[in-house]
Amino acid sequence: MFDSNFDPYQALITMDRNLQALIAAHNGLAKRVEDQGQVIDVLIEGLNNSNKANEVLMKEMASSVMEKLKEVK
């Protein structure tokens, strides 16, 4: 049952390397998620600014239309 070629020291080295690779992969993924979150924040900010600009334009258009209607009467 027991493998006579089994080297516990080598197994620990292999496990350590695998753990290091897993940590590096996790850190890389965490960085990508953080970067994407920052991109999403910028996009949301841009959309909010666009909405505010649209509100101002709509108010100005409504005011202009109301003035034109008053002139027509």
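Which residue forms a salt bridge with K31, and how far apart are the closest N and O atoms? The partner is D35, and the closest N and O atoms are 3.1 Å apart. A salt bridge here is a side-chain nitrogen of Lys or Arg within 4 Å of a carboxyl oxygen of Asp or Glu. A search of the whole structure finds 1 such bridge. D35 and K31 are 4 residues apart in helix 1, so about one helical turn separates them.

The model is predicted: local features need pLDDT of at least 70, side-chain atom pairs count only at pLDDT 80 or more, and totals for chains, interfaces and linings use all residues. Residues are numbered from 1 along each chain as its sequence is written, and side-chain values use heavy atoms, with hydrogens and water left out.

**Overall form**

The protein has 1 helix and 0 strands. Its radius of gyration is 31 Å, well over the 11 Å that the globule rule gives for 73 residues, so the protein is more spread out than a compact globule. That radius is taken over C-alpha atoms, and the rule is 2.2 Å times the number of residues to the power 0.38. Along its principal axes, the C-alpha trace spans about 105 × 20 × 5 Å.

Helices (H or I, at least four residues) and strands (E, at least two) are DSSP runs, numbered from the N terminus. Helix 1 has 65 residues and should span 96 Å at 1.5 Å a residue; its end C-alpha atoms are 94 Å apart, which agrees. The expected span is 1.5 Å times one less than the number of residues.

Two C-alpha separations give a sense of scale. D7 and G28, 21 residues apart along the chain, are separated by 32 Å. S64 and N27, 37 residues apart, are separated by 55 Å.

**Start of the helix**

D7 is found in the segment before helix 1 (8-72). D7 caps the N-terminal end of helix 1: one of its side-chain oxygens lies 3.1 Å from the backbone nitrogen of Y9. A polar contact is a pair of N or O atoms within 3.5 Å; within protein, one must be able to donate a hydrogen and the other to accept it, and residues adjacent in sequence count only if both atoms are side-chain atoms.

**Exposure and surface**

Of the 73 residues, 0% count as buried. Buried means under 20% relative accessible area, exposed over 50%, and partly exposed in between (1.4 Å probe, protein chains only). The table lists some partly exposed residues.

| Residue | Relative accessible area |
|---|---|
| D7 | 38% |
| L19 | 46% |
| K31 | 43% |
| D35 | 32% |
| S64 | 36% |

L19, L22 and I23 form a nonpolar surface patch with about 290 Å² of accessible area together. Patches are made of residues with over 30% relative accessible area and no salt bridge; like charges are joined within 9 Å, nonpolar side chains (Val, Leu, Ile, Met, Phe, Trp, Tyr) within 5 Å.

The accessible surface of the protein comes to about 7,000 Å², of which 63% belongs to carbon and sulfur atoms. Accessible areas come from the Shrake-Rupley method with a 1.4 Å probe; for residues, only the protein chains shown count as cover.
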